[in-house]
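Please read the points with the model open.

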Amino acid sequence: MTYPPPADGWSNPTGDPTQPVSGQPIPAQPVAQDPYAPAAAYPGALPPPAAPVDPYAPQGYPPAAGYPPAAGYPGYAYPPAPQNNGLAIAAMVVSIIGALGLCGYGLGGWIGLVGAILGHVAKRQIKERGEAGEGFALAGVIVGWIATVIALLATIAIVVFIVWAANQDSSSFDSTN
């Protein structure tokens, strides 16, 4: 596409204004030298021989000579959390199993007695040792005693029923009269 010449009489001597001006080389970007590269003593000289490498030596940078290691700031870390008492967890688990055992005519709740006793022992250990898990021990005690009381009531009810059934007159069940 050609453009009409301008009205003031000036025209581009190179022709198409969208083309770069010819005759002038475009300068290339300068390439930076590596500032950390060792300077060669003589151009074309061979590099110095490498020192023997110990394959068992620790990797990384050698420690700086003359300076002691930096001291830390004590007292800013979180203290370690105390460990849970294992007996407290066992008390809670056994008590829950005892409470689930109530489904078998209520007699499985006697296992809750073991959980309650374990919970009491765990509470004493936690107080003496400063361990965590007091909530587990308390849950074991509460659920264990509840399961034990329900098991006791179920046992009394079963015994009363059996005694009542044994004292019934057998003639009242006979329908052949």
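How are helix 2 and helix 3 oriented to each other?

1. Helix 2 and helix 3 are roughly antiparallel to each other. The axes of helix 2 and helix 3 (residues 134-166) cross at roughly 155 degrees, and an angle over 145 degrees counts as roughly antiparallel. These axes come within 7 Å, and helix 2 passes helix 3 in a left-handed crossing. Please keep in mind that the model is predicted.

2. The residues behind this contact can be listed for both sides. Helix 2 contributes Gly112, Leu113, Gly115, Ala116, Gly119, His120, Ala122, Lys123 and Ile126. Helix 3 contributes Glu134, Ala137, Leu138, Gly140, Val141, Gly144, Trp145, Ala147 and Thr148. By class, the contact of helix 2 with helix 3 has 9 nonpolar, 7 polar and 2 charged residues.

3. As to the overall layout, the protein chain has 3 helices and 0 strands, and its elements run α-α-α from the N terminus on. The chain has 177 residues, of which 14% count as buried. Its accessible surface comes to about 15,200 Å², with 67% of that belonging to carbon and sulfur atoms. Among contacts in the chain with a separation of 6 or more, 72% are accounted for by residues 24 or more positions apart.

4. The other helix pair to look at is helix 1 (residues 86-100) with helix 2 (residues 111-129). Their axes come within 8 Å and cross at roughly 160 degrees, which makes helix 1 roughly antiparallel to helix 2. Helix 1 passes helix 2 in a left-handed crossing.

5. On the helix 1 side, this contact is made by Leu87, Ala88, Ala90, Ala91, Val94, Ser95 and Gly98. On the helix 2 side, the residues include Ile111, Gly112, Val114, Gly115, Ala116 and Leu118. The residues of the contact of helix 1 with helix 2 divide into 12 nonpolar, 6 polar and no charged.

6. Is Ser95 buried or exposed? Ser95, found in helix 1, has a relative accessible area of 0% and is therefore buried, the cut-off being under 20%. Leaving out residues up to four places away in sequence, Ser95 touches Gly112, Gly115, Ala116, Gly140, Val143 and Gly144. Of these, Gly112, Gly115 and Ala116 also belong to the helix 2 side of the contact with helix 1, while Gly140 and Gly144 are listed for helix 3 in its contact with helix 2.

7. Leu113 is found in helix 2. With 29% relative accessibility, Leu113 counts as partly exposed. Which residues does Leu113 contact, leaving aside neighbours within four places in sequence? They are Gly144, Trp145 and Thr148. Leu113 and Ala151 are 38 residues apart in sequence, and their C-alpha atoms are 9.5 Å apart in space.

8. A last point concerns the loop between helix 1 and helix 2, where Gly101 lies. Not counting residues up to four places away in sequence, Gly101 touches Gly108 and Gly109. Gly101 and Gly112 are 11 residues apart along the chain, and their C-alpha atoms are separated by 8.7 Å.

Note on methods: Residues numbered from 1 in each chain as written. Predicted model: local features only at pLDDT ≥ 70, side-chain atom pairs only at ≥ 80, totals over all residues. Heavy atoms only, no water. Axes fitted to C-alpha atoms, helices over the stretch in contact; angles between N-to-C directions. Helix = DSSP H or I, 4+ residues; strand = E, 2+ residues; numbered from the N terminus. Parallel < 35°, antiparallel > 145°, perpendicular 65-115°, else oblique. Left-handed = near helix turned anticlockwise from the far one by under 90°. Contact = heavy atoms within 4.5 Å. Nonpolar A, V, L, I, M, F, W, Y, C, P; charged D, E, K, R; others polar. Buried < 20%, exposed > 50% of the residue type's maximum accessible area, 1.4 Å probe, protein only. Areas by Shrake-Rupley, 256 points an atom, 1.4 Å probe, with all protein chains shown as cover.
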